[in-house]
Amino acid sequence: MAGGGKGSGRPAKKKSPTKGTGGNVRRGLEGRGATPPAHLRHWHKDKARTERIEREEKTGRSSSPRTPVRTRRSDDAPEHIGGRNPVVEALRAGVPASTLYVALRIDNDDRVKESVRIAADRGIAMLEVGREKLDRLTEGGIHQGIALQIPAYDYAHPDDLVRAAQDAAEVPLIVALDSVTDPRNLGAIARSATAFGAHGMVIPSRRSAGVTGGAWKTSAGTLANLPVARAANLTATLREYREAGLFVIGLDGEGTVDIGEANLLDGPLVVVVGSEGKGLSRLVREACDLVVRIPMHAAAESLNAGVAAGIALYEVARHRRS
């Protein structure tokens, strides 16, 4: 039999000493004392959540580590307005809304209380949801624990705008947008159009901002009273307006005539506003009867589309009053 041990007749080989743990096992068995209360444990989920909410309120930025994936929204999908000031302002302005979402255990300040009161008075449904749900609804935007759902906008037909002016026995004034892709500009133009008596706006179906939550916020509720039509082909729609007897003027920095010196501003009119920087597209420019500019200092290369539209519509209103 190979080796030593029992029955071999030879003494067994002495084993070498085993390396010890240095007392770590013994100390580990002693326990760590009483468990501290929840508010003293930095890993406690409620404390972490409270700190995150406080940081969001102070900085205005969401600290959520997960950014929701943005997906393409269909035309008939609802929009969501997030944030305490935007929500209460939208409710004050009478923006059509279907649901008010409020975070669980939200800090009820005056804005939240007013939003809940207005929603209750208008019969708007109210739901308490988690902040993760609000993150998804607002696509990662700043919501501060509250969001307002507005239904998909019901667009008019371009012919409806002329018909509305005729029914009111007024001279038609329509604003058309060419390649304006910022919803805030659309909202600002809608606000000016309402202020100066326009009968509606026309936007292209593609490559253009639509009536979204951002547009509603910037319009301060005026979109509730100003119809917006969608045109499958803006150039063709402008030609149809010309055939119906409307004068089409384009607003562009490269125009040859100052807006204040343009003729026929007091007649049936379509004012076409181009995008900031690029101005009017070639086909839209060719569809206009006249391209006008806003005279300004050479140091300013261009104006924001919303500002430019407001100035042009003021000039139109001034000519119509005189």
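The legends below accompany close-up views of a predicted model.

**View 1. The largest nonpolar core of the predicted model, which has 58 residues.** Within this core, the members that touch the most others are V175, L177, L186 and M201. Helix α11, spanning residues 305–321, supplies the largest share of the core, with six residues. In soluble globular proteins, nonpolar side chains tend to be buried together.

View 2. Leaving aside residues up to four places away in sequence, L177 is in contact with L186, I189, M201, V202, I203, P204, L234 and V273.

**View 3. An open sheet of four strands, with mixed pairing.** The strands follow the order β1-β4-β2-β3, and because β1 (79–82) and β3 (125–129) stand at the edges with a single partner strand each, one side of each has no neighbour in the sheet. Direction ignored, neighbouring strands of this sheet are turned against each other by 25° on average.

**View 4. The pairing of strands β2 and β4, with the helices that pack on the sheet.** Strand β2 (residues 99–103) and strand β4 (residues 146–150) run antiparallel and are joined by four bridges, and Y101 stands opposite A147 in β4. Helix α3 (residues 84–92) packs on the sheet through contacts with β1, β2 and β4, and its direction makes about 40° with that of β4. Helix α4 (residues 110–122) also packs on the sheet, where it touches β2, β3 and β4, and its direction makes about 150° with that of β2.

Technical notes:
Residues are numbered from 1 along each chain as its sequence is written. This is a predicted model: local features need pLDDT of at least 70, side-chain atom pairs count only at pLDDT 80 or more; totals for chains, interfaces and linings use all residues. Side-chain values use heavy atoms; hydrogens and water are left out. A nonpolar core is a set of buried Ala, Val, Leu, Ile, Met, Phe, Trp, Tyr and Cys residues joined through side-chain atoms within 4.5 Å. Buried means under 20% relative accessible area, exposed over 50%, partly exposed in between (1.4 Å probe, protein chains only). Helices (H or I, at least four residues) and strands (E, at least two) are DSSP runs, numbered from the N terminus. Contact means heavy atoms within 4.5 Å. Two strands pair if DSSP finds at least two bridges between them. Axes are lines fitted to C-alpha atoms, for helices over the stretch in contact, and angles run from 0 to 180 degrees between N-to-C directions.
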